[in-house]
Amino acid sequence: RVRNGVELVVAEDGSTDGTLKIAEEYASRNSQISVVHSPHRLGKGGGIWNGIKAAKGDLVMFMDADLSTGPDQIPRLMAAIEQGADLAIGSRALPESRLTKSRSLARKVLSSGFNWLFRALFQMDIKDTQCGFKMMRREVAEDLAPRVKTNGFAFDVDLIVKAHDRGYKIVEVPIVWTPAEGSKINLRRHTVEMARDVLKLWLSRLEAKPSSSITCG
C-alpha cells in the first residue's frame, strides 16, 4: 500500500514460461505495476525479498501469482494489521477458512505432517505456515530481511520463526483458497527439501545465542 493507493510489484526470477514478457507488457500500460527481474532462479524467498525491496508502501504483502488466494482477500490481512498485528498470514486451516476445492489425499497428508514437524520443533501454534499470502508493516519487513536466510519453500517458516523471535505479533487470518491447476511443484521432493531446511533452521536456532527481543503493540 502506497500513499496514493496500491502498487503491484511482479517479482520474476529466471522463469521460462513467458511471465517476464507478459508482466512487462502490463507494466508498460499501468504506472502502478512494476517488474523486478532476475536472470537467475533465486528461490521463493529470494524472489519475494527482491519484490519487497522494490516496494514503496507502508504495508507490504506477497501473494502467489496463480491467485490461489485472490486480491479480494487482501482486506482481511489489512484488517488484522490495523488491529495490531505486525505479520498477518493467510491460513487455510482455520475453521472460518473456505477451500473451494478439496486437496488430494497426498497433499493433505504431507501438509499435516509438515505442520506437525513445525509445531513440534518450534512450539508455535501456527496452523498453516505455507500459504503464500502474507502482509507486514514495512518496518517489520526491513527488520526481518537481513535475518531470514532461507530462499527455498521453507522461507515462510523462517519468516514466521524470526518474526516470533523478534517479538512481533503474528496473526493467522481465515481466507478463501482455490487450489491452482497445473502446479509445477514436485510434492514429495519439495516436502523433503522443506523438512530438511526446517531442521537446519531449528538447529541454527538452538546454536544461536539468546538475543534481545522487542515488544510491539
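In which helix is the place of Asp158? Asp158 belongs to helix H6, which spans residues 155–165; helices here are DSSP runs of H or I with at least four residues, strands are runs of E with at least two, and both are numbered from the N terminus. The model is a predicted one, in which local features need pLDDT of at least 70, side-chain atom pairs count only at pLDDT 80 or more, and totals for chains, interfaces and linings use all residues. Residues are numbered from 1 along each chain as its sequence is written, and side-chain values use heavy atoms, with hydrogens and water left out.

Asp158 has a relative accessible area of 1% and is therefore buried, a class that means under 20% relative accessible area, whereas exposed means over 50% and partly exposed lies in between (1.4 Å probe, protein chains only). When residues up to four places away in sequence are not counted, Asp158 touches Val148, Lys149, Thr150 and Leu201, a contact being heavy atoms within 4.5 Å. With Thr150 there is also a polar contact of 2.8 Å between the two side chains. That term denotes a pair of N or O atoms within 3.5 Å; within protein, one must be able to donate a hydrogen and the other to accept it, and residues adjacent in sequence count only if both atoms are side-chain atoms. Trp202 is 44 residues from Asp158 along the chain, and their C-alpha atoms are separated by 9.4 Å.

Side chains of opposite charge can pair when their charged atoms come close. A salt bridge is counted when a side-chain nitrogen of Lys or Arg is within 4 Å of a carboxyl oxygen of Asp or Glu, and the count by this rule is 13. One of them joins the side chains of Asp158 and Lys162, at 2.8 Å from N to O. Both residues lie in helix H6, four residues apart, about one turn of the helix. Lys162 counts as buried because its relative accessibility is 19%. Elsewhere, salt bridges that share partners join Lys44, Lys134 and Asp156 into one network.

A further pair is found in helix H5 (residues 138–144), where Glu142 and Arg138 are four residues apart, about one turn of the helix. Their salt bridge has its closest N and O atoms 3.4 Å apart, and Arg138, at 17% relative accessibility, counts as buried. Lys127 and Asp125 also meet through their side chains in a salt bridge, at 3.6 Å from N to O. In this pair Lys127 is partly exposed because its relative accessibility is 33%, while Asp125, at 52%, counts as exposed.
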